[in-house]
Amino acid sequence: SALPKVVNFNSKQKRISQLKARWNEDKDRQNLNWWTDFFRWCNTNESLTGEKFDWVADLEAITNQSKFTRLIEKGTL
């Protein structure tokens with residue numbers, strides 16, 4: 001399984017504001033390579049892709065401040 005693809009940013013202001021906030025929180029995250037690695041890691045995480053639980057994360061879930069912090073702290077990023 002994989003995380004759902006983001007199809008539309010225009011109608012989802014929350015997606016944009018959360019992503020911008022996570023980008024701006026840390027200088028190390030202000031490049032596309034960091035985010036490519038993060039999204040690839042999320043896409044293989046069984047807890048996020050529905051393989052471990054009956055739930056699949058979306059962009060809002062993984063960029064939510066508290067969830068994002070837990071992912072970074074417990075992950076390998």
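Helices (H or I, at least four residues) and strands (E, at least two) are DSSP runs, numbered from the N terminus. An axis is a line fitted to C-alpha atoms, for helices over the stretch in contact, and angles run from 0 to 180 degrees between N-to-C directions. This is a predicted model, in which local features need pLDDT of at least 70, side-chain atom pairs count only at pLDDT 80 or more, and totals for chains, interfaces and linings use all residues. Residues are numbered from 1 along each chain as its sequence is written, and side-chain values use heavy atoms, with hydrogens and water left out.

**The overall picture**

- The chain has five helices and zero strands, and its pattern along the sequence reads α-α-α-α-α.
- Of the 77 residues in the chain, 27% are buried; buried means under 20% relative accessible area, exposed means over 50%, and partly exposed is in between (1.4 Å probe, protein chains only).
- Contact means heavy atoms within 4.5 Å. Among contacts with a separation of 6 or more, 53% come from residues 24 or more positions apart.

**Where α1 meets α2**

- Helix α1 covers residues 13-25 and helix α2 covers residues 32-44; their axes come within 12 Å and cross at roughly 120 degrees.
- The crossing of α1 past α2 is right-handed. A crossing is called left-handed if the near helix is turned anticlockwise from the far one by less than a right angle, and right-handed if clockwise.
- On the α1 side the meeting residues are L19, R22 and W23, and on the α2 side they are L32, W35 and F39.
- Sorted by class, this contact has five nonpolar, no polar and one charged residues. Here Ala, Val, Leu, Ile, Met, Phe, Trp, Tyr, Cys and Pro count as nonpolar, Asp, Glu, Lys and Arg as charged, and the others, Gly among them, as polar.

**R29, in the loop**

- Is R29 buried or exposed? R29 counts as buried because its relative accessibility is 11%.
- You can find R29 in the loop between α1 and α2.
- Leaving aside residues up to four places away in sequence, R29 touches R22, W23, W34, W35 and F68.
- The charged end of R29 sits over the ring of W34, 5.8 Å from its centre. For a charge to sit over a ring, NZ of Lys or CZ of Arg must be within 6 Å of the ring centre and within 35 degrees of the ring normal.

**Aromatic rings**

- The structure holds eight aromatic pairs. Rings of Phe, Tyr and Trp (its six-membered ring) pair if their centres lie within 6.5 Å; planes under 30 degrees apart count as stacked, over 60 as edge-to-face and the rest as tilted.
- W35 and F38 form an edge-to-face pair, with 5.5 Å centre to centre and 85 degrees between the planes.
- Why are W35 and F38 separated by about one helical turn? It is because they are three residues apart in helix α2.
- W35 is buried because its relative accessibility is 5%, and F38 is buried because its value is 0%.
- Ring pairs also link W34, W35, F38, F39 and F68 into a cluster.

- L3 is in the segment before α1, and it counts as buried at 15% relative accessibility.
- Between L3 and G50 there are 8.5 Å in space, C-alpha to C-alpha, although the two are 47 residues apart in sequence.
- Not counting residues up to four places away in sequence, L3 touches C42, N43, L48, T49, V56, A57 and I62.
- A2 also lies in the segment before α1, but A2 is partly exposed at 43% relative accessibility.
- R15 belongs to helix α1 and is buried, with a relative accessible area of 14%.
- R15 and A61 are 46 residues apart along the chain, and their C-alpha atoms are separated by 9.4 Å.
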